[in-house]
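Reader: I would like to learn how to read helix packing and charged pairs in a model of this kind. Please take the features one by one.

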Amino acid sequence: EKKPAAPKLSKEEEALRDKWERLLDMIKKGRKLDVVKPFWEREGTALGGVDAPIPDWTDERTGTLLQLAASSGQAELTAWLLDELGADPTTPVPYRSHRLEDDVPGSQAGREEDENGGSRPPTPSLPSAPGSHRTAYDLASTRAVRDVFRRSAAARPDAWDWLGAARVPSVLTEDMEAGRDAKKEKQNARRKGLKAKIQAREREKAANKPPTPEPEPEPIAEAVPGRFKSGGPQKLGGAPVSNDGLAGLPLET
């Protein structure tokens, strides 16, 4: 059975598809802002704005540019979309026929941090089904991207329902981030100090270890002169048989 032929596109439609493909490729590959910004300034309005849904024909597993940048691990582009263009972080991830976590390596589920930067029990991931609510933050593939959302929530608390509809677990202020970095530096210094102590202990132990004595050579058995050289018959054990032991025996004919 022949498949129906794809509808022929007009020149305007082909041009629009080309713009979408170029923009999506730049976001997924993490192009620099000095490349993406001029393109967006020229074509952003024609593409429908920052919150325009990504067309179905692209076969992308995400629904908006913000969701794509977050799932691709592009922290700089995510911050640009959130803070400069005002992208909506509460837009739900579109329904797909299978779980999006299988397509997005390192998705956010199970790796949230608390206000101090430590780990906390994971939020149950929501299924990709009609009526489910998952957002760009749920697709964040790196800690750097998740911190972008938390910084934006701290800097512009009234812009969106960050802790509710956007599903951002907590805000991240400058003071909190400085405290987290200081704590991390202390932990690294403690690990380095412990490693240095272990290495010094091993060197001291190797220096005080007595040398292993060489094994003594096994003694070589010397041959006894004249042993086992008798020409006569011998008993078991190697002793020669005396002719006296044959006295009185009848001779064979």
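Reader: Which residues in H1 meet which residues in H2?

Author: First, a caution: the model is a predicted one. On the H1 side the residues are Lys-19, Arg-22, Leu-23 and Met-26. On the H2 side they meet Val-35, Val-36, Phe-39, Trp-40, Arg-42 and Glu-43. By class, the residues of this contact divide into 6 nonpolar, no polar and 4 charged.

Reader: How should I describe the geometry of H1 and H2 as a pair?

Author: Two packed helices are described by the angle between their axes and the distance between the axes. Here H1 covers residues 11–29 and H2 covers residues 33–43. They pack at an angle of about 155°, and their axes are 11 Å apart. Because of that angle, H1 is roughly antiparallel to H2; the cut-off for that term is an angle over 145 degrees. The crossing of H1 past H2 is left-handed.

Reader: What links the charged residues Glu-43 and Lys-19?

Author: Side chains of opposite charge can pair when their charged atoms come close. The side chains of Glu-43 and Lys-19 form a salt bridge, with an N to O distance of 2.9 Å. Glu-43 belongs to helix H2 and Lys-19 to helix H1, so the pair ties together parts that lie 24 residues apart in sequence. Glu-43 is buried, at a relative accessible area of 15%, while Lys-19 is partly exposed, at 22%.

Reader: How many salt bridges does the structure hold?

Author: The structure holds 7 salt bridges. One of them joins the side chains of Lys-37 and Glu-84, at 3.3 Å from N to O. This pair links distant parts of the chain, 47 residues apart: Lys-37 is in helix H2 and Glu-84 in helix H4, which covers residues 75–84. Lys-37 is partly exposed, with a relative accessible area of 27%, and Glu-84 is exposed, with 52%.

Reader: What is the angle between H2 and H4?

Author: H2 and H4 pack at an angle of about 40°, with 11 Å between their axes. That makes H2 oblique to H4, and the crossing is right-handed. In the contact, Leu-33, Val-36, Lys-37 and Trp-40 of H2 meet Glu-76, Leu-77, Trp-80 and Glu-84 of H4. These residues divide into 5 nonpolar, no polar and 3 charged. Val-36 and Trp-40 are also among the H2 residues that meet H1.

Reader: Which residues in H4 are buried?

Author: The buried residues in H4 are Leu-77, Thr-78, Trp-80, Leu-81 and Leu-82. What covers them includes H1, H2, H5 and helix H3 (65–71). After H4 comes Gly-86, which has a positive phi near 70°.

Reader: Are Asp-147 and Arg-150 buried or exposed?

Author: Asp-147 is buried, with a relative accessible area of 4%. Arg-150 is also buried, with a relative accessible area of 0%.

Key: Residues are numbered from 1 along each chain as its sequence is written. This is a predicted model: local features need pLDDT of at least 70, side-chain atom pairs count only at pLDDT 80 or more; totals for chains, interfaces and linings use all residues. Side-chain values use heavy atoms; hydrogens and water are left out. Axes are lines fitted to C-alpha atoms, for helices over the stretch in contact, and angles run from 0 to 180 degrees between N-to-C directions. Helices (H or I, at least four residues) and strands (E, at least two) are DSSP runs, numbered from the N terminus. Angles under 35 degrees count as roughly parallel, over 145 as roughly antiparallel, 65 to 115 as roughly perpendicular and the rest as oblique. A crossing is left-handed if the near helix is turned anticlockwise from the far one by less than a right angle, and right-handed if clockwise. Contact means heavy atoms within 4.5 Å. Ala, Val, Leu, Ile, Met, Phe, Trp, Tyr, Cys and Pro count as nonpolar, Asp, Glu, Lys and Arg as charged, and the others, Gly among them, as polar. A salt bridge is a side-chain nitrogen of Lys or Arg within 4 Å of a carboxyl oxygen of Asp or Glu. Buried means under 20% relative accessible area, exposed over 50%, partly exposed in between (1.4 Å probe, protein chains only).
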